[in-house]
Amino acid sequence: MHAPDPVLPVEQELIPSIDRVEFVTVRLPFVHPFGTSVQTWTQKEALLLRLTSGDMVAWGECVADPDPFYLPETTRTAGHIIRDFLLPLVEPGISMRELGRRFTHVRGHGMAKATVENALLILISLQKKIPLHLLLGSPAKPIMSGISIGLRDTIEELLGTVRYAVGRKYHRVKIKIAKGKDVEWVRRVREEFPDIQLMVDANGDYTLDDKALLQQLDAFHLMMIEQPLSYSDIYQHAILQKELKTALCLDESILGLDDAATAVALGACRILNIKQGRVGGLIPSMKMARFAADHGIGVWSGGMDETGIGRALNIHLQTTPGFTLPGDTSETSNYFAEDIIDRPVFLDANGYIAVPEGPGLGVSVLHDRLMQYVLGWERLR
Ligand code: OSB
Ligand code: MG
């Protein structure tokens, strides 16, 4: 299958002149360790790209972690690729379409590419004095919420967190699973909450040899099972999907439109988690979401436990066509005691998130707050 590459209106936007380019690295402690089958993170360390044009400042947050445990990119590989290969391709006056074309010369490194793309689109929307979602072509709407609950030491502890999430009115609850913390854990959550929209994410902890175990999950009418098999596999997921009633959702193994086309052609999943950082930015995400919708594949916006900058960006993305399922956008307080921006994410009484209005992201970095968490600040140009 071949995925078409239509020109989106936002791709006609032109890159403004840029006076200053800086890397700012921040580290924020988590309120609770975030456990997955591949790693337990206790803090968020993020590389931020700060672009200044006249009196406008745009911030792009790189979703890479300092380690390569989710995907190969790290904050430092992203810094290297951005500085040495991507920024030299950024030229005032060229279109975002042309920049995307230039970026294809650099293989992979979607997280690095997304960081630059994000910051430029935010800068353009600041220049036009419009919210980012309008630059992307979509009106504001209430955004559905979803929480990703990390691995817990005990089932009781997990149940406690699910109770909290249900109380907050999250539209969908995702729990991390791993070998030994799966069928019984899901059974207990389902027993207490027979009707919530529930899903699991294995971050690649299983193989096809675990088919019988994964088939037991069919009993719990889950919305989906996310990335049960290897982080780089599509083919074996297609074999597994044929043996399961429950929809599979791919995360790690979908790095762009071509992977999405492969997954659709093979029947490897019925749902896609689109993390804009993983796939190279907002524009590639919108194309993938359109392609998926055209092929009956459900789409939601994933998260990388971002600070308020990346969180706001994901909210704007979710106004665009195709993002029909609740994603991994949770309240800031789920991860951080305080945020580096002025408008942390919170849920309304019905579990919805309001799109921050105002030019660009609609949120502002709090300088003094930021300085409390800064590890490094470097001017590139
Ligand atoms: O697999 O979706 C994942 C966080 C870091 C790395 C991988 C994943 C996640 C999440 C958290 O599940 C999503 C979020 O709340 O931002
Ligand atoms: Mg995942």
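Predicted model: local features only at pLDDT ≥ 70, side-chain atom pairs only at ≥ 80, totals over all residues.
## A tour of the magnesium site and ligand 1

Residues are numbered from 1 along each chain as its sequence is written, chains are lettered from A and ligands numbered from 1 in the order in which they are written, and side-chain values use heavy atoms, leaving out hydrogens and water.

Now click on the magnesium ion (ligand 2). Its protein donors are D201 (OD), E226 (OE) and D251 (OD), lying 2.1 to 2.3 Å from it. Donors here are N, O and S atoms within 2.8 Å of the metal (3.2 Å for Na, K and Ca); water is not among the atoms, so sites may look incomplete. Along the chain, the donors of this ion follow the spacing D-x24-E-x24-D.

Next, pick ligand 1 and show what surrounds it: 15 residues, the closest being S148, K176, N203, D305 and Y335 (a residue is near if one of its heavy atoms lies within 4 Å). Zoom in on S148, which has a side-chain N or O atom 2.9 Å from an oxygen atom of ligand 1. Then try K275, with a polar side-chain atom 3.0 Å from a ligand 1 oxygen atom. Finally, return to D251 from the magnesium site: a polar atom of its side chain lies 3.1 Å from an oxygen atom of ligand 1.

Terms used
Polar contact = N/O pair within 3.5 Å; in protein donor to acceptor, adjacent residues only side chain to side chain.
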